[in-house]
Amino acid sequence: NSVQLLVDGQATFDSIAQGLQRAERYIFFQFYIIRDDDLGRRLCRILSDKAKAGLQVYLLYDEIGSRPFARSRLYRQLRMTGVHVAPFNTTQGRRNRLQLNFRNHRKVVVVDGRDAWIGGHNVGDEYLGLRKRTGHWRDTHIRFSGPAVLGAELAFATDWLWATRSQINIEPDPELPVTGDCTVLVFPSDPASEFEEAGLMFHQIIVAARRRIWIASPYFVPDRAIISALQLAALRGVDVRVLIPDEPDGPVVGMANWSYTRELLPAGVRVFRYQGGFMHQKVLLMDDRISGVGTANFDNRSFRLNFEVTALVDDENFALEVEDMLERDMARSCEVALADIENKPHWFP
């Protein structure tokens, strides 16, 4: 596989738009949030044009995350131009009619089985940093081409089957070229599985680390097993760093981040609070080879309740790119000291 790291919204959505324009057979397009704003209209205009040209275009959105989209003019235009549009609706069926807790948090784009995009961005102007309330939006996506694209296609097709009770009838291209030498694993996880796959994946990466484990997540609310694994990694000499936003998008999340920081610092885990805007990326780096970019936050919702997907990359050169990116992020952050926690008021968790 060949892999490209996409830092922030402009690079991500320019890459996705260019990929959509190159489509010749079909497009899979899935996001947790799709908005009827400038960015949404820009991308969906391409989808409509491709559908009118005869391509098979499938768009999947989460019924909760994209509730306004389902009532928008943009939604109606997509349907009218031949785009197959469906909500991922976890309330369907008698047993699930009151189930609002599950979310399809995946962000997956596939073009012709040749290129795929996975990462933290949703489709909205704020992901380009264009809203004053959120300011600069720090996020990361990944584009890859090669045999791992099939994993992204299977994740999308499985979700489409649940959402519509119909299969996608597209034959894969048997002559896809080998485009690079990176090993890539597309790792989907969901609450319907027998095991809590996202949590197990994070736990295994932490346990396997020998030199370094760096984790960037906007929501840091792990379970006890993950906390213990991070503590043990730091105690055995691994460089353990956690990067979280300094200004989270909610007071409860902010207090939870501080609460878990209190447990990690005494073991030697370094915690950085990003101050260059709102940090929304979900990225990990283990030792000198393994990197992960995806949709799963470092919290129990992503571990147990959400439908998520992560692209894991085994490649030294790509790991160097991720390292450089995270070092720049940490340079724009404030490292937390034990005194910062001790000086909090007594009522603070």
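Author: F298 is buried, with a relative accessible area of 1%; buried means under 20% relative accessible area, exposed over 50% and partly exposed in between, with a 1.4 Å probe and protein chains only. F303 is likewise buried, at 4%. This is a predicted model, in which local features need pLDDT of at least 70, side-chain atom pairs count only at pLDDT 80 or more, and totals for chains, interfaces and linings use all residues. Residues are numbered from 1 along each chain as its sequence is written, and side-chain values use heavy atoms, with hydrogens and water left out.

Reader: How many aromatic pairs does the structure hold?

Author: A pair of aromatic rings is described by the distance of the centres and the angle of the planes. Rings of Phe, Tyr and Trp (its six-membered ring) pair if their centres lie within 6.5 Å; planes under 30 degrees apart are stacked, over 60 edge-to-face, and the rest tilted. The structure holds 17 such pairs. One of them, Y61 with Y75, is edge-to-face, at 6.2 Å centre to centre and 90 degrees between the planes.

Reader: Are Y61 and Y75 buried or exposed?

Author: Both Y61 and Y75 are buried. F298 and F303 also form an edge-to-face pair, with 5.8 Å between centres and 80 degrees between planes.

Reader: Which residues form one aromatic cluster?

Author: Y26, F28, Y58, F156 and W160 do.

Reader: Where does the charged end of R212 sit?

Author: A charge sits over a ring if NZ of Lys or CZ of Arg is within 6 Å of the ring centre and within 35 degrees of the ring normal. The charged end of R212 is over the ring of W214, 4.8 Å from its centre.
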